[in-house]
Amino acid sequence: MANPKYDLAVIGSGPGGYVAAIRASQLKMKTAIIERDRPGGVCLNWGCIPSKALLNSAETMETIRGAGKEHGIEVDNLRFDFKRVIARSREVADKLSKGVRFLLKKNDIDLLEASGTIAGPHTVALSRTDGQPPPAEAIEAERILIATGSTERLFPGMTAGNGLLTSREALVHDRLPESVLVIGAGSVGLEFAYFYQAFGAKVTIAELEKQMLPACDVEVAEELRRAFVKRKVTAMLGHGYKSIARKGERWAVTLDAGGKLETVETEAVLVAVGRTPLTGGLALEKVGIALDRGFIKIDDSFRTTCPSIYAIGDVARLPMLAHKASAEGIAAVEIMAGVRQPGFDLSSIAACVYCQPEVATIGLSEADARARGIEVKIGKIPFRAIGKAVATNHVEGFVKLVASKQYGEILGCQIIGHGATDLISEIALGKTLEATTAELGHTVHPHPTLAEGIMEAALAAEGEAINF
Amino acid sequence: MSTEIVMPKLSDTMEEGKILRWLKHPGDRVRRGEALAEVETDKADMILEAFDEGVLEEIKLPEGESAAVGAVIALLAAPGEAVVRPEPAAAPKVEDKPAEAAPHAEEEEEVYPELAAHPSATPTGFPKPPPRPLKPKVEEVAVTPEEGEAHKYAASPLARRAAEEAGIDLAYVRGTGPGGRITKRDVDKFLRDQQLFRQRRIVAPREGAPGTREELSKMRKTIAQRMALSKREIPHFYVTVEVDMDEAVRFKKSIEATELFEQDITYNDIIIRACALALGRYPRINSSFDNDGINIFPDINIGMAVAVEDGLIVPVIRECQRLSLPEIARVAHRLVTKAAHGGFTSDELSGATFTISNMGMLGVEHFAAVINPPQAAILAVSAIKDRAVVRNGQIVVGKTMMVTIACDHRIIDGVVAGRFLQEIKRFLENPASLLV
C-alpha cells in the first residue's frame, strides 16, 4: 500500500511544532504532525505550563503566610496537601494537552502518535515502542519540519531517581523534601528553588557563575539574589558541581568554589543546568543533515542542509524558549509558502523567569550595549516609586530601560518585580514598532498600574521622570 | 517566469544609458524600489531602481557598457518561484552569491564602502521615485513625494528620528516593513546607497571650463599655502610597504556577518586602529619639529583626509589611544556624515597629530602624500588589489595594499619609519589584535 502523502510533515507537537502545523493548515498545506508522547510537547506537559501551576500554588502560600503581618489577616493552623499541589499541576497540563489535540483536529491536521525517523528527503518512517502498530509504516511529504525540541540535561554519570531530579521528575515528585539543593541558577533552577522554599523546604541554590541568571543584567541579578536571601534560600554563587555520592538516605554533593571544595548534604537534588537539543533517533545523517554544536544547522529560511527538510525551535538554535519556537514555526511555514521573506529577528525575544519577584528581559542589557560601542542612556525606576506597587505590596524590583543616546531607540529592557513577565510585552511591541523613549514616555498609562513603571523609566532615560 | 529589466528613460532627452556599476548581483534578492545599478545618462549619473520584487537572475549588460533605452539589461525571477520549490537551485541563497556574481564588481563594492559622502553631489542628482506602493486602505491619504509631506508616510518613530538627524526626506525612502512602513533599516540603507552614489561622483569631479580664470576659494588658498610651506621646509622622504590584506578582508566580513557592532566597521576604521596602536609604540612618529626640539604629542589624534567640493578637509578622531575599534568606527562615521552635511565643531577639524590619506576607493596603485605641518608624518593608503603573491613557494592570488609613509627627516630617520610601517603591517595582517 502506498504511504500517505502530505505537503508538510511536522515532527514534534510542542509549541514550535503544533503552531507551525496550524499555520501550515491555514495556508492550505495538507499537514501531518508526529508525536511520540503527548500533544503539546515539553512546554505543555513537562515545562512552562505545569511549572507555572506549581508556582501559582507557591505564590498563594507566600501570600497567605505574609497576610498576617501585612494585612492583619491572621490564619491559624495553615496546612497544605503537597500531593494535591502536584496533582493540580498535572490536571492543568492534561487540560491544555487536550486543547492542543482539539486544535489539531479542528484544523484538519493528522496527529500521528508514533516516533518519527527520517527515512529520506521526503519520507518519515513511523514506529511505536508500546507494541501497538504505528498509524502507518511511513509517510511521504513534500517538506519535513523538525521540531523535536530539547531535553533536560544531567551531569555525566548521573541517573535520576531517589530524589535526584531534573525538572521533569520534580513536576511529579509528590513528596515535599525537607531539603533541596538546586544546581544551576537559571530560570528553571530559580523557579523550583522559589517553589520548594514557599512550602517550607530548606533550599540551597548553587551556581557556577558569580551571579544568578549569568547572562542577565548585573543589577537585576543582584536584586534577585537579595530577594532569595530574604526568603531564606542559601545562595552559593561561584560554586560549580564537582561530584555526588549517596550517603544513607541523603545525597552528599561536592561543590567547587575556585579550588575550595564544599559538601552539601541534602534530601533532594534538582539539576537545572540547561537542556540538550533532541536529535537522537531521527537518523539525520541518512539525508546529510549537518549539526552545529549539537543543534541542527539551518539557514535564514530555517532550511537544514537537506533542502526539503526544515528545523525550528530548541533543536535548531538558542535561545530555548517556547514563544521563540512558536514564532519560528510560523515564520518557517510562511517562508515555505512564499508569503514571507527569509530572515528572523532574534533580537526582540523576551526571556522570562516566573519566581517571585518575576524577571523579564528583552534586547540588550546596559553592558551588552556598551560592549557593542553604543552610547546609551538608562532609565531605572524602582517599583517602590509606583503607587500600585506600594498599595498591593509588590515593591520588590525595578524597571531598567536601555536606550540609545542618539535617538532614544529602545535597545533593551530588564524588569524584575511582580507581573514583570506580563509588562515586558509593551516593550516587545515598542521594539517591533521601533518606538523610542519619546513614544513610551508620552503614551498615557492608566493609574494606578505597574505599567506606569515603564512610562516612568522611559521618561527617566530622558531625565524627565515625574515620580522618582 | 522571469521579468525583463529594460534600460529606462531616465531623462526626456535620454537615448541610451551606460551601466556604471551594478549594485545588485545575480542571486541577490531585490525589493521594489531598491537601487539596482548606477546608470550614466546624457544629463547625470542616476540610480536605476527595481520596479518589481524578485531575485536578480542574470545581468545582460555588463558594467561599462551602453544600451539603448528599452533594451533588456537584466532578468528578474519572481519571488514565488524562488521560495516555493525546495530544490536549492531555484533560489540561490545569499551565501551562494560570490560563486554566482561577477567577483570583481562585488569586491570593489565591498572594499571601499566608507568612501566619504561628497557634498558636491547634492541630492538633486536623485531621480524622483515613482509613487510608493500603498495598500488600498490608506490610498485616500496617500500623497505623492512632490507634495513633500513626508510625515504622512508610514514610518517608525525611530526611522523618523534617524531621517531627521541625517536631513533626509522620507518621501525618497522605500519602506520594507509591514505594509511598506519605513523602518530604521530602510533609512540606513538609503544613506548607504546615497554614499555609494556619491562616491561615483568623486571620480568625475567638475573641472573648470577651458579658457576661464577662477578666483581661489578660501579653502583652496589655505591648501596652497600649507602645502607649499610643507614642501619648502620639511625634508620629506618616503617609505612603502605592501600589506597582505587577506586576513583583514576576512576579519571585516566576519564582523559584518555577526552584526556585533552598531556601526559597520570600514577598512578606514581598521587602518586608523592599526595606526593608533603602532603610534603608541612609536611616539616619535606622533610628534612635531620645533626649531631645536621635538615635541612628542601627549595624545594620538588621527586626521583623515576627506575630499569635499574643490578641496579637502581633515576631520580628527581625538585620543585614538583610548578608543576601541567600534568606538573609532562610530566617531569616524559621525565625522564623515558631517563632511557631507556640515556641522563640524572647530575641534573636530584641528589638532591632528598624524594624518591618513586613503585613496583606496579610487583604485590607486600607489601614491605618496604631502605632510600636513606641524605634523611629522602622513600615511598614504592605496587600494586593496588582487595581486600575485608567493605563498609556500607557490604563486597565488592574494589581496594586498600599498601604504606609503612620508616623514619629516629632521626628526624621523628611515629606520624608524621602516619599523613603524612593519608595525602597521603586523597589526593589519593579524587583525584580531585590533579588537584587543
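## Basis

This is a predicted model: local features need pLDDT of at least 70, side-chain atom pairs count only at pLDDT 80 or more, and totals for chains, interfaces and linings use all residues. Residues are numbered from 1 along each chain as its sequence is written, while chains are lettered from A and ligands numbered from 1 in the order in which they are written.

## The sheet in chain A

Five strands form an open, antiparallel sheet in chain A, ordered β20-β21-β24-β23-β22. Strands (E, at least two residues) and helices (H or I, at least four) are DSSP runs, numbered from the N terminus. Pairing requires at least two DSSP bridges between two strands. β20 (351–353) and β22 (376–382) of chain A are the edge strands; each has a single partner, so one side of each lacks a neighbour in the sheet. Neighbouring strands are turned by 10° against each other on average, direction ignored.

β20(A) and β21(A) (residues 358–363) run antiparallel, joined by three bridges. A:A351 sits opposite A:T361 of β21(A).

## The packed helix

Helix α7 (residues 218–230) of chain A packs on this sheet. The helix touches β21, β23 (398–404) and β24 (410–417) of chain A. Contact means C-beta atoms, placed from the backbone, within 7 Å. The direction of α7 makes about 5° with that of β24(A). Axes are lines fitted to C-alpha atoms, for helices over the stretch in contact; angles run from 0 to 180 degrees between N-to-C directions.

## Chain B against chain A

In chain B, 24 residues are in contact with 17 residues of chain A. Helices α1 (79–84), α4 (157–166) and α9 (325–341) of chain B each supply at least two residues to the side touching chain A. α4(B) gives the most, with five residues.

Methods. Contact = placed C-beta atoms within 7 Å.
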